[in-house]
Amino acid sequence: METSAVLYTAAFIAYGLMDVLGLMPQEISSAGLTLPGLFSKYFGDPSLDFTRYHLRRTTCSVIVHLFLPLVYCIGLSFVCPSLHMFNPRLWSATTLSIWLPSVTVGMIGLSIALYWYTNNWQRHPMTVQLSQLGQPWRRVAGSINAEFLHIDKFVSQLGGSTVIVTDSWIIQCNVHSVNLIHQRDAVLNVAAADEHNFTLDGQSKQYLTINVNSINSKFKSFSIRLNSHQYSQLTDKLQAPIRTARTVLIQQSLSDRFISAFREQVQRNGMYQIPPGSPALEPCVGCLQVLPQVKIQKMCAPVDDGQCRQCFCRPMWCLSCMSKWFAARQDKDRPDSWMSSTAPCPMCRAKFCMLDVFELSL
Ligand SMILES: [Zn+2]
Ligand SMILES: [Zn+2]
Ligand SMILES: [Zn+2]
């Protein structure tokens, strides 16, 4: 074989494998130079019709990837004219053994795509899953499309797989397939954690493998992977129960660790008794999800001493929102100073420290 043919084959295999496995470097993917990326304008806008986009995208990936051997053959005929790839009369047994499987695999790809596409996509594996969740499947798809538009959805991309968690759905979009499950049918299990110490920014990273199991035997389970720093964002969005195997120790992000420490300190500070006859509490201004849980009350030093000032605001924040507010106002480069630092009250701007936050006694 000529050197040019060997080089071409090696480059083609490397590019093809990266594309098929979804391992294309970020720079190439974001420039749209992955094979399905080149066709993306035919998929439509995922924010307008999420399901249609993924029906088209997965089908296109299957066709394009199963056509790769044929594309390889055509390329080879230009790189290596001595093989006479386009002249059947001059074909050797080797040439035939390259052409035949390539054409067959391409035809298989085309058949799969046609099988999925005809009959209004009814036979596409994603539609089959949707049909099991309710009929007609377009109604179920409509509910996913609507929730996908919410800006507070959880999204995590790792390699060729994207995990999306909306109010009711857990969705995993892979290169050739989409897995989805309704949160009410799901039980999650953090099965493993693997650490990678050799990253570009010199910090160790931990990745979690989470099994998403269905309590309904009709649906197959699947595994998702994510950076452990996104774990708390994931659990914030989850309604389905999540368990952690006893052997797994999840590394929290710096701000998550701080938020846990903040909570512990507030619990040590004691309680604040709401004066009798106070007006009823309204939901936390930060999240509107729960009733206020904390009151800022200067207790760290005598009234006129120190940096902190008395706050006269009525309780308006939950503990989680207050800890996030406090963490967000700290110097990112000096985490050692956070515990002893102050933040302004979100309403009256009076400075307070961690010793001045009290849980409400209702
Ligand atoms: Zn809140
Ligand atoms: Zn205040
Ligand atoms: Zn204070």
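Buried residues have under 20% relative accessible area, exposed residues over 50%, and partly exposed residues lie in between (1.4 Å probe, protein chains only). The model is predicted: local features need pLDDT of at least 70, side-chain atom pairs count only at pLDDT 80 or more, and totals for chains, interfaces and linings use all residues. Residues are numbered from 1 along each chain as its sequence is written, and side-chain values use heavy atoms, with hydrogens and water left out.

**View 1. The salt bridge between Arg184 and Asp185.** A salt bridge is a side-chain nitrogen of Lys or Arg within 4 Å of a carboxyl oxygen of Asp or Glu. The closest N and O atoms of Arg184 and Asp185 are 3.7 Å apart. Arg184 counts as exposed because its relative accessibility is 53%, whereas Asp185, at 10%, counts as buried. By the same rule, the count of salt bridges comes to 5.

**View 2. A network of salt bridges linking Asp152, Asp167 and Lys237.** Side chains of opposite charge can pair when their charged atoms come close. Between Lys237 and Asp152, the N to O distance is 3.1 Å. This pair links distant parts of the chain, 85 residues apart: Lys237 is in helix α9 (residues 231–237), and Asp152 is in the loop between α8 (137–148) and β1 (154–158). Helices (H or I, at least four residues) and strands (E, at least two) are DSSP runs, numbered from the N terminus.

**View 3. Asp167 and Lys237, joined by a salt bridge.** Here the closest N and O atoms are 2.6 Å apart. Asp167 sits in the loop between β2 (161–165) and β3 (169–173), 70 residues from Lys237 in the chain. Lys237 is buried, with a relative accessible area of 13%. Its two partners are partly exposed: Asp167 has a relative accessible area of 29%, and Asp152 is at 47%.

**View 4. Helix α4, residues 50–66.** The helix has 17 residues and reaches 24 Å from its first C-alpha to its last. That is close to the expected 24 Å, where the expected span is 1.5 Å times one less than the number of residues. Helix α4 is mostly covered, with 13 of its 17 residues buried.

**View 5. A nonpolar surface patch that includes Tyr15.** Patches are made of residues with over 30% relative accessible area and no salt bridge; like charges are joined within 9 Å, and nonpolar side chains (Val, Leu, Ile, Met, Phe, Trp, Tyr) within 5 Å. Tyr15, Leu33, Leu38, Phe39 and Tyr42 make this patch of about 490 Å². Tyr15 lies in helix α1 (residues 3–20).

Terms used. Chains are lettered from A and ligands numbered from 1 in the order in which they are written. Accessible areas come from the Shrake-Rupley method with a 1.4 Å probe; for residues, only the protein chains shown count as cover.
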